[in-house]
Amino acid sequence: MTHFRAFLAGTTAIVAAMTMNVAEAKTPQDQLVIGMNMVNLTSLDPHNVNSYESYHVIANLYDTLVRTDPQTPGKVLPMLAKSWNVLPDGTIEFTLDDRATFQSGRKITAADVAYSLQRAVKLGLLAKAYYANWGYTADNVDQKFHAKDDNTFVMEVATPVAPSLKLNALTRAYGVVLDKEVLAKHEKDGDMGRGWLASNAAGSGPFTLNRWNPNDIVVLNRVDDYWGGEPKMKRVLVRHLPESQTERLQLEKGDLDVGFQLVSADIDGLAKNPDIVIDRLVGSGFYYMIMSTKDPEFAKPEVRKALRYCINYKDINDVVMKNYGKSATTFIPSDIPGYIPDIGNQYDPEKCKQDLAAAGYPEGFNKQLLSLNSTPYADLATAIQQNLAVAGVKVDIQTGNGDQTYGPMRDRKFELGVGRTASSAQTDADGWIRTHAYNPDNTDGANLANLQAWRASFQLPEVNKLIDEAAAITDNEEKRVELYKQALKLFEESGPPVIPISQRVDPYAKSARLKNYVGDIGWMTRWDQVEKQD
Amino acid sequence: MVNQVETVARTPRRRSGLRKYRRFGGSLLSVLTTLFLLVLLTFVIGRLMPVDPVIAVVGPDADRATYLKVKQELGLDLPVLQQFWIFFKNLLHGDFGTTLLTGRPVMEDIARVLPATVELATVTIILGAGIGIPLGVYAAVNRGRFADHAVRLIALLGHSTPIFWIGMVGLMLFYAKLGWVGGSGRIDLFYEDIVPNVTGFLLIDALLAWDTDVFWSAVSHIILPASVLAYASIAYISRITRSFMLEQLSQEYVITARAKGVPRNSVIWHHAFKNIRVQLVTVVALSYGGMLEGAVLIETVFGWPGFGQYLTNALVIGDMNVVVACTLIIGCVFIALNVISDLLYKFFDPRIQ
């Protein structure tokens, strides 16, 4: 056994030697280290992204024509465009900042802006639907988006839409400006550089893309001569951390500066740590319950109205949705013009029972509810199941992945579901009410899966008309907001098939050492002004 | 006469040579058939699963036109067998295609994630076999005594405790509390991109660049996940070694050797242990191969950008190009491990030659 003892002693010595050399790690002063679950970071092409994670990276590789003030949502500030002018017909003329250059060193011209926005529509990918709302199609963008001269970009009107809606939209990923010449070099078979841009960048932002390994790491390097002023951080490193608890340990240890997508328990734990600050980005979209009006019971407005009283919104928001959502009562949030107080959700289980009985269902009925199998959806589904049981409605929960849950909703073949509308922030009533109440074509073949009312097979022509009218008003904000209010009221009175439960909140934890880290509700958080205290 | 003698002498040799080629050809054919069926089954089952990769690409809120456009671009609107045929033709040209999700070449991704897992598995197996085998021998030699019970208890715990839980507790204790090891990932983030990527194995690349800071950072990051995985390996290897050794120790040649006065250690290591080496090679090789796709939980807990996580993510969204490529690689690794085992058999056991 001498050999064995010698072996054990040797092994112990090696392990001890290895661990002794480990220094206490803190993130360096000039590097920003971020942890996030990267499974939704699938492309870096700004015209083909839809996730919170992709937006954050793109916001730092590119600049947009205009940007929102992170402190005052809805307020539009200059970026590549130093000023803009709205003509009487709604056309917007943007004057570019002379100093603005791409990372390639070339000056940004109006032709680059026109090319970028044309590409967003012509590629026919995710950005296209965004511009289609305002009548821009592959056939008309070459005329509607054009350069007046090197420094003036013109955005003509396709269908009458309030200019403020377009300006807000241009602050998001689908409004970034791409380097036309760099893309031309990488174009293959007329793909407008799509194959290349999915994992490269051609922008004018404060950071360049050094490396992106999917589900592993993103490394951004500072552009020393960034036209908007040298970024404070030399590098930004984003690491894939799929396990929230590991992320929490790294934050507590000082190995991470910012952590996204932490689960509720870890956020609560970190909130007690004086070295960590928890920020909450109140985002766009709701966690909702949706009823298909193709279902014979849910087709009756009195049933939909009755069930809305069954849900204990306060408890759900305080317990289940804590850290994930903020209480919502109706389809336009309280901080957006168009909001109507004292309308929408109310909890009254007795009334729920009575109204359901009056509607002809004193014993309730059985329904199947679709939910994602992840937090907080599954918990939300369980809470709704318990709430509806009070009125005798027996809910069978079917959990699954995104396809199994949203697939039947997209095909309009479901009874009941919970989900979340997942667009980036809307600072105007239009986006909020359109997503949930608008349905211009209620046929299965219309395939308007991005509209919740269509998914629920529900259509109110008066509501559609009011929304269309409001969006077309270009010169009277008060009247526009008033029309949205009317649409909201009508929709609420009809017994809507979609019930908003919580407004989406994206919490993140950051080190107290960080200065100037301001999260953007449009997910376009910039990292160039971030500094660290000693 | 001389020629006749030569002819007589050569015929059996030529026949045995032919037989060898035939045997080799047969083996090769059976390996290729296995791999083909593996690819076909994985592909078809994957395509029949109720998972739609297009949703993963475009998101749940995309409009129908975008959805259909992307589906067509990815070739997912074609019949399954036609999709397989296209995939297979490309495969024969050495092209595994691109991942559906990111559009990047699958081989490029695999070249990045495989070394990470191989590095982890290698350190693990060095620890696992290096500790597990002596422990098993020690337990067998001390059968029924305290040491034996202790080793069996360690093995039982290693088998029955969820590995991700051990990983998490390990992180809390050795990383968060004691600060002895690095946290998640292969290296402290700020050391990223400092040493050139030559082999893909960070420990080796750091040594090649002679950067001790990077090397120690990599060691501090690999030691905990490797130890956690090794614990499960030790549990398995020590238990098997113990039973192999017990069988040998009860053989007559051992009793004879002891009766003749051969020293105890010599009997254990030079007589009994020598005879179990061949079987142990198989056990260790299978344990090593299993770690390629089996380390996924530890890769998730430790944020290790490895092969297991890569394959699992692809499975979840139904990215069959990736799944089939990974399945093929795992199949090939097992075949390679079998070949290596065979070679080691011959080395350890002259009778096989």
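Visitor: How many helices and strands are there in chain B?
Guide: Helices (H or I, at least four residues) and strands (E, at least two) are DSSP runs, numbered from the N terminus. This is a predicted model: local features need pLDDT of at least 70, side-chain atom pairs count only at pLDDT 80 or more, and totals for chains, interfaces and linings use all residues. Residues are numbered from 1 along each chain as its sequence is written, while chains are lettered from A and ligands numbered from 1 in written order. For chain B the count is 14 helices and zero strands.

Visitor: What is the radius of gyration of chain B?
Guide: This value is taken over C-alpha atoms, and the globule rule is 2.2 Å times the number of residues to the power 0.38. For 353 residues the rule gives 20 Å, and chain B is well over that, so it is more spread out than a compact globule. Its C-alpha atoms fill a box of roughly 85 × 80 × 45 Å along the principal axes. The radius of gyration is 26 Å.

Visitor: How many residues of chain B does the contact with chain A take?
Guide: Two residues are in contact if their C-beta atoms, placed from the backbone, lie within 7 Å. Chain A gives 57 residues. The side of chain B divides into 28 nonpolar (Ala, Val, Leu, Ile, Met, Phe, Trp, Tyr, Cys and Pro), ten charged (Asp, Glu, Lys and Arg) and 15 polar (the others, Gly among them). From chain B the contact takes 53 residues.

Visitor: How many residues of H13(B) are buried?
Guide: A residue is buried if 20 or more other C-beta atoms, placed from the backbone, lie within 10 Å of its own. Phe307(B), Tyr310(B) and Ile317(B) are among those that pass in H13(B). Their cover includes H2, H5, H11, H12 and H14 of chain B. H13(B) is mostly covered, and its buried residues number eight of eleven.

Visitor: Which residue just after H13(B) takes a positive phi?
Guide: H13 of chain B spans 307-317. Just after this helix, a phi of about 75° belongs to Gly318(B).

Visitor: At what angle do H11 and H13 of chain A pack?
Guide: Axes are lines fitted to C-alpha atoms over the stretch in contact, and angles run from 0 to 180 degrees between N-to-C directions. H11 covers residues 301-308 and H13 covers 349-358, with axes 8 Å apart. Their packing angle is about 165°.

Visitor: Which direction does that give H11(A) relative to H13(A)?
Guide: Angles over 145 degrees count as roughly antiparallel. The packing angle is about 165°. That makes H11(A), relative to H13(A), roughly antiparallel.

Note on methods:
Angles under 35 degrees count as roughly parallel, over 145 as roughly antiparallel, 65 to 115 as roughly perpendicular and the rest as oblique. A residue is buried if 20 or more other C-beta atoms lie within 10 Å of its own, exposed if 12 or fewer, and partly exposed in between; C-beta atoms are placed from the backbone.
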